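Trainee: I want to learn how to read the features of a model like this one. Can we go through it together?

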Amino acid sequence: QLVESGGGLVQAGGSLRLSCAASGRTFTYHMGWFRQAPGKEREFVAAISWSGGSILYADSVKGRFTISRDNVKNSVYLQMNSLKPEDTAVYYCAAKLSNRPLGTSNYNHWGQGTQVTVSS
């Protein structure tokens, strides 16, 4: 089970830190963040390998967002800086077994999502 937290309302240029707590051990899973804006399809945001040694970002968030993980706490984080109104979306935490390629797809465990709203 994955449970996201940390969403909220922030002004453009502000920051938020999302957290995702897993009920089981995360060190056997690659972890990712995705988002879905109203009327749009869910899109990839960032992913981190089970060890933290490999990280991927969507072009739209590179240089502004940072993904990290703490396998002792069974948690993954998304630090979001310089937020823009177009970052407004429901953000989802996702996981897949580490025997699969890290990638931007084929995640099979999902959280319920947390709303992030960026006002202009």
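Mentor: Start with Phe44, which is buried at a relative accessible area of 13%. Buried means under 20% relative accessible area, exposed means over 50%, and partly exposed lies in between (1.4 Å probe, protein chains only). Before going on, note that this is a predicted model: local features need pLDDT of at least 70, side-chain atom pairs count only at pLDDT 80 or more, and totals for chains, interfaces and linings use all residues. Residues are numbered from 1 along each chain as its sequence is written, and side-chain values use heavy atoms, with hydrogens and water left out.

Trainee: How many aromatic pairs does a search of the whole structure find?

Mentor: The general idea is a ring test. Rings of Phe, Tyr and Trp (its six-membered ring) pair if their centres lie within 6.5 Å; planes under 30 degrees apart count as stacked, over 60 as edge-to-face and the rest as tilted. Here the search of the whole structure gives 3 aromatic pairs. Phe34 and Phe44 make an edge-to-face pair, with 5.6 Å centre to centre and 75 degrees between the planes. Phe34 belongs to strand S4 (residues 29-36) and Phe44 to strand S5, so the pair ties together parts that are 10 residues apart in sequence. Strands (E, at least two residues) are DSSP runs, numbered from the N terminus. Phe34 is buried, at 6% relative accessibility.

Trainee: Which residues form one aromatic cluster?

Mentor: Phe34, Phe44, Tyr107 and Trp110 do.

Trainee: Which charged end sits over the ring of Tyr107?

Mentor: First the test. A charge sits over a ring if NZ of Lys or CZ of Arg is within 6 Å of the ring centre and within 35 degrees of the ring normal. For Tyr107, the charged end is that of Lys96, 4.6 Å from the ring centre. Tyr77 has a charge over its ring as well: Arg17 lies over the face, at 4.1 Å from the ring centre.

Trainee: Next, sheets. In what order do the 4 strands of the open sheet run?

Mentor: Strands of a sheet pair through backbone hydrogen bonds, either parallel or antiparallel. Two strands count as paired if DSSP finds at least two bridges between them. The open sheet here has the order S1-S3-S8-S7, with antiparallel pairing. Strand S1 (2-5) and S7 stand at the edges with a single partner strand each, so one side of each is left without a neighbour in the sheet. Direction ignored, neighbouring strands of this sheet are turned by 15 degrees against each other on average. The axes behind that angle are lines fitted to C-alpha atoms, and angles run from 0 to 180 degrees between N-to-C directions.

Trainee: How many bridges join S7 to S8?

Mentor: There are 6. Ser68 stands opposite Tyr77 in S8. Glu4 has Cys20 as its bridge partner in S3. Glu4 also belongs to the covered face of S1, with Leu2, while Val3 and Ser5 form the uncovered one.

Trainee: Where do the side chains of strand S11 point?

Mentor: They alternate along S11 (residues 114-119). S11 pairs in the parallel sense with strand S2 (residues 8-11), over 4 bridges. Leu9 has Thr117 as its bridge partner there. Strand S9 (residues 89-97) runs antiparallel to S11, joined by 3 bridges. Tyr91 stands opposite Thr114 in S11.

Trainee: Now loops. Is Ser49 buried or exposed?

Mentor: Ser49 counts as buried, at 5% relative accessibility. Ser49 is in the loop between strand S5 (43-48) and strand S6 (55-57). A contact means heavy atoms within 4.5 Å. Not counting residues up to four places away in sequence, Ser49 touches His30, Ser54, Arg69 and Leu102.

Trainee: What does the side chain of Asn71 reach?

Mentor: This is a polar contact: a pair of N or O atoms within 3.5 Å, where, within protein, one must be able to donate a hydrogen and the other to accept it, and residues adjacent in sequence count only if both atoms are side-chain atoms. The side chain of Asn71 reaches the backbone oxygen of Trp50 at 3.0 Å. Asn71 is in the loop between strand S7 (65-70) and strand S8 (75-80), and is partly exposed at 25%.
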